[in-house]
Amino acid sequence: MTRNRRRLVAWLLAGVVLAVVLTLYDADRTGVSDPKAAPSATPSAALPGTETPAPAATPGPSGTPSPTAPPGSGEPSPSASATACTSPGACGYPDANSTGPRIALERHDTGNMSVKKDGTVIKGWDIRGSLDIYANDVTITDSRITSTNWWGVNLRPGFSGLKVLHTTITAVPGKGPDNGGVNYAVSNMGGSSIEVGWCDISVFGNALSMGQGNLHDNYVHDLVAFRNQGGEWQHIDAVISGGGNKGRLTIRHNTLLNSTPVDKGATAAVGLFADTGVVSSVVVEDNWLAGGAYALYGGGPGATGIQVTGNVFSTQYHPAAGAYGPVTAWNAGGAGNVWKDNRMSDGRPVEPAS
């Protein structure tokens with residue numbers, strides 16, 4: 001009898017132990033101690049149909065974050081709100097902090113110098129004068145040019161491969177040859193593309209003048225109005241192209257400001273004009289545009305292959321970006337012309353007049 005009672009107690013104890021083990025096993029299996037079931041330190045991808053907070057802007061190839069809305073979203077990005085896009089630098093566009101030379105400079109009183117040796121590299125120069133390029137594959141980088149000539153840098157016909165990078169290009173108001181005015185920070189008289197990137201450009205009347213080129217990450221600002229030798233107010237543009245170009249003109253991720261009053265010659269932040277031929281093959285993408293009579297002149301009748309996408313038209317000088325509106329002379333029916341995802345700095349969509 002005593003032996004049977006001991007045997008029963010042993011069985012009961014074994015049952016209790018088994019129940020405890022099964023409970024612990026079930027808790028472990030349902031994730032209480034599974035690291036995968038714990039909240040993640042980083043959010044996982046959202047399931048289709050769900051919404052997650054938009055990630056912060058990340059630097060692109062230019063080294064600065066872009067506020068452009070996702071392609072095809074049709075909606076202004078959060079950075080296009082009135083509070084987020086009050087200035088170019090606050091919204092990831094070039095300004096004085098992200099352009100110009102990155103190293104100490106050595107003064108060079110060159111005057112108006114001609115460069116005639118292929119492959120010349122000018123780096124770290126503080127130039128008092130201008131550069132006229134009669135050579136191939138010339139690079140000007142991490143320098144400063146203060147001109148009283150018609151231009152800061154000029155590429156002559158028949159030459160190619162010019163690069164102007166991380167350079168401040170400015171002038172002395174009242175000391176230029178055009179009745180005291182200065183005309184072009186960088187001029188491309190040739191038939192090949194040139195690159196202008198990360199440059200701080202001011203004072204000139206038509207700052208970046210070319211039919212073909214790669215203009216990126218530049219800060220163009222504080223252009224100075226002047227009466228030309230004919231006694232008329234010189235037209236003022238941050239970027240100007242006269243048409244008839246053979247190659248492509250790319251204008252990408254620049255800050256292009258034209259604060260000049262209309263009655264003193266203001267034309268555009270980007271002026272695409274058919275002065276010397278039909279305008280074609282131009283990309284205007286992800287720029288901050290402000291000022292001018294209109295912020296953008298779109299090439300006019302006959303213009304083809306003009307892609308205007310993801311730009312911010314700023315209200316910093318005029319409620320409509322330009323004095324008369326954000327855009328004019330847009331050829332909506334031109335072959336290859338694209339207008340997409342352009343908006344005001346307060347988030348309103350921008351559409352050209354039909």
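**Close-up views of a predicted model**

View 1. H253 is buried, at a relative accessible area of 5% (buried means under 20% relative accessible area, exposed over 50%, partly exposed in between; 1.4 Å probe, protein chains only). This is a predicted model, in which local features need pLDDT of at least 70 and side-chain atom pairs count only at pLDDT 80 or more, while totals for chains, interfaces and linings use all residues. Residues are numbered from 1 along each chain as its sequence is written, and side-chain values use heavy atoms, with hydrogens and water left out. The loop between β16 and β17 (255-258) holds H253. Its phi is positive, about 55°, although H253 is not a glycine. Strands (E, at least two residues) and helices (H or I, at least four) are DSSP runs, numbered from the N terminus.

**View 2. D341 in its loop.** D341 sits between β25 and β26 (343-344). D341 is not a glycine, yet has a positive phi of about 60°. D341 counts as partly exposed because its relative accessibility is 23%.

**View 3. The open sheet.** Nine strands run in the order β2-β4-β7-β10-β13-β16-β19-β22-β25, with parallel pairing (two strands pair if DSSP finds at least two bridges between them). β2 (121-123) and β25 (338-340) are the edge strands, each pairing on one side only. Neighbouring strands of this sheet are turned by 5° against each other on average, direction ignored (axes are lines fitted to C-alpha atoms, for helices over the stretch in contact; angles run from 0 to 180 degrees between N-to-C directions).

**View 4. The β13 and β16 pair.** β13 (residues 213-216) and β16 (residues 249-252) pair in the parallel sense over 4 bridges. L215 stands opposite I251 in β16.

**View 5. Nonpolar cores.** The largest nonpolar core has 55 residues (a set of buried Ala, Val, Leu, Ile, Met, Phe, Trp, Tyr and Cys residues joined through side-chain atoms within 4.5 Å). I133, I140, L162, V196, I251, L256 and F313 touch the most other members. Leaving out residues up to four places away in sequence, I133 touches V115, V138, I140, V153, N154, L155, R156, F159 and L162 (contact means heavy atoms within 4.5 Å). A second, separate core of 8 residues includes C85, C91, Y93 and V312.

View 6. C91 counts as buried because its relative accessibility is 7%. C199 is also buried, at 0%. The structure holds 0 disulfides (pairs of cysteine sulfur atoms within 2.5 Å).
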